[in-house]
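Please examine the sequence and the model shown here before reading on.

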Amino acid sequence: MKTSIKIAVAVAATALTLGANAMAQITVYEHDGWRGRAITMSHATPDFYTIGFDNRASSVVVSGGRWEVCDGAQFSGTCMVLREGSYESLRGMGLNDRISSVRPLRRQDHYRNEAPEPLPAATYDYRRRPNEAVYMARVTSAHAVVGEGEQHCWVEREQVSEAHRNNIGGAIAGALIGGVLGHQVGGGTGRDVATAGGAVAGAAIGANAGNGSGSTSRDVRRCETTPSSAPKYWDVTYNYAGQEHRIQMASAPGSSIAVNRNGEPRQ
């Protein structure tokens, strides 16, 4: 009985794994922006040479699951994990025209070699199918979405002028000395006046002793934010057959774009 249960569990787990892999799909394109010849795979491909696509992929669309792409056959060399979404260029990953093998991965696992975020929303598969008719759809709006600016910081050495504070110790000493000298002058009330005057004068002289200005140097950290000028992507709205569609594109569209009979963009 226990053996039967174990077999049933194993079969179910295998079915789930196969089902997850069956839903995983990746399409590699010959040129940037999902253009040129393309091949779609739903299973591990250990050597692109066998399918005539070795070192040719420049952009990718992952339409299901996570995929590991490597620049060596048999999943060797430099590898990156691609999440579901659209990658309009592989240049930033250092994998342009270098992919030689790909394979699906389990969704629940975490990997340290994950590629940067794909476009915020998965784009259509732009590849035109064989013998597929295309039509022109009018673009109604196009907005460039600019990425966040970059902050640059540096350290500068600068001269700083500082005025010395009044010499408190000198003021006290000056007051005492001035008082003594004043006390030795005159007599009676005049002596008291001279003593007070000498204390005041001595304090003033003592306070100013050593008073002056100088300069010193220190390291100062400065930062500035440079706004990004290049659009990260284009948010495009177009109308086809009386229905509005919205997509994200890697480059600015013209006044119209090519679509199939379902209104999906084609190139």
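The paragraphs below move from the overall fold to a loop residue and then to the disulfides.

The model is predicted. Its secondary structure comprises three helices and 13 strands. The protein has 267 residues, of which 32% count as buried. Among contacts between residues at least 6 apart in sequence, 74% join residues at least 24 apart.

Ser58 lies in the loop between strand S2 (35–41) and strand S3 (59–64). With a relative accessible area of 4%, Ser58 falls under the 20% cut-off and therefore counts as buried. The side chain of Ser58 makes a polar contact of 2.9 Å with that of Asn96. Beyond neighbours within four places in sequence, the residues in contact with Ser58 include Tyr29, Glu30, His31, Asp32 and Asp97.

The structure contains two disulfides. When the bonded cysteines are numbered in sequence order, they pair as 1-2, 3-4. Cys70 is buried at a relative accessible area of 0%, and Cys79 is buried at 13%.

The other disulfide joins Cys153 to Cys223, with 2.0 Å from S to S. The link of Cys153 and Cys223 is right-handed, with 110 degrees about the S-S bond. This pair links distant parts of the chain, 70 residues apart: Cys153 belongs to strand S9 (residues 150–163) and Cys223 to strand S10 (residues 213–226). Cys153 is partly exposed at 32% relative accessibility, and Cys223 is partly exposed at 36%.

Definitions and conventions
Residues are numbered from 1 along each chain as its sequence is written. This is a predicted model: local features need pLDDT of at least 70, side-chain atom pairs count only at pLDDT 80 or more; totals for chains, interfaces and linings use all residues. Side-chain values use heavy atoms; hydrogens and water are left out. Helices (H or I, at least four residues) and strands (E, at least two) are DSSP runs, numbered from the N terminus. Buried means under 20% relative accessible area, exposed over 50%, partly exposed in between (1.4 Å probe, protein chains only). Contact means heavy atoms within 4.5 Å. A polar contact is a pair of N or O atoms within 3.5 Å; within protein, one must be able to donate a hydrogen and the other to accept it, and residues adjacent in sequence count only if both atoms are side-chain atoms. A disulfide is a pair of cysteine sulfur atoms within 2.5 Å.
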